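Okay, thanks for coming, everyone. I'd like to walk you through some pockets and a few side chains today, so let me put the model up.

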Amino acid sequence: MGLFTGRTVYTGKWAVKDVEFISAEDQALVSRAEVVPSEFGLSVCFFMKAGGQTYIPVSTDCNAKVGESVDLAKAEIITLEKAGESDIQRIRINE
């Protein structure tokens, strides 16, 4: 057996599939949003009015800083696609 037998081969790059602003309906569900450290970089933690938190990783093209509040009216959700992979979402924080 060779070193690469049975290992996943990653090809291609992630491409932007869709970019959209966060809807007013979704914004109304959030009491506040803040940039937090996460396992693979920065994420936005959405503190939900109904309780609990939801996290979305920050896009690599942002200069977000830990502790920064996020203006949801300016933030964009980016959906990325790549052949053979499930779509992923990132949040772009616009100043």
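Predicted model: local features only at pLDDT ≥ 70, side-chain atom pairs only at ≥ 80, totals over all residues.

Residues are numbered from 1 along each chain as its sequence is written, and side-chain values use heavy atoms, with hydrogens and water left out.

Pockets, then. On a 1 Å grid over the protein atoms alone, a pocket is an open set of points where a 1.4 Å probe fits, with protein on both sides within 12 Å along at least five of seven lines; lining residues have an atom within 4 Å of a point. The volume is the space filled by probe spheres set on the points, which are joined across faces, edges and corners.

The largest pocket comes out at about 240 Å³. It has 13 lining residues, and the closest to its centre are Ile22, Asp26, Phe46, Ile56 and Ile77. Strands S1 (15-21), S3 (41-48) and S4 (53-57) each give two or more residues to that lining; strands here are DSSP E runs of at least two residues, numbered from the N terminus. By class, the lining has eight nonpolar, three polar and two charged residues.

The second largest pocket holds about 150 Å³. Its lining includes Val16, Ser59, Asp61, Leu80 and Arg90. Strands S5 (76-81) and S6 (88-92) give two or more residues each, and S6 has the largest share, with three.

What does Ser59 from that lining touch? Ser59 sits in the loop between S4 and S5, and leaving out residues up to four places away in sequence, it touches Ile78, Arg90, Ile91 and Arg92, where contact means heavy atoms within 4.5 Å. Ser59 is buried at 11% relative accessible area, because buried means under 20% (1.4 Å probe, protein chains only).

Ala33, in strand S2 (residues 30-38), is also buried, at 6%. Beyond its neighbours within four places in sequence, Ala33 contacts several residues, among them Val44, Phe46, Glu68 and Leu72. Ala33 and Ala73 are 40 residues apart in sequence and 11 Å apart in space, C-alpha to C-alpha.

Last, the rings. The charged end of Arg32 sits over the ring of Phe47, 3.8 Å from its centre; the rule is CZ of Arg within 6 Å of the ring centre and within 35 degrees of the ring normal.

Terms used. Helix = DSSP H or I, 4+ residues; strand = E, 2+ residues; numbered from the N terminus. Nonpolar A, V, L, I, M, F, W, Y, C, P; charged D, E, K, R; others polar. Buried < 20%, exposed > 50% of the residue type's maximum accessible area, 1.4 Å probe, protein only.
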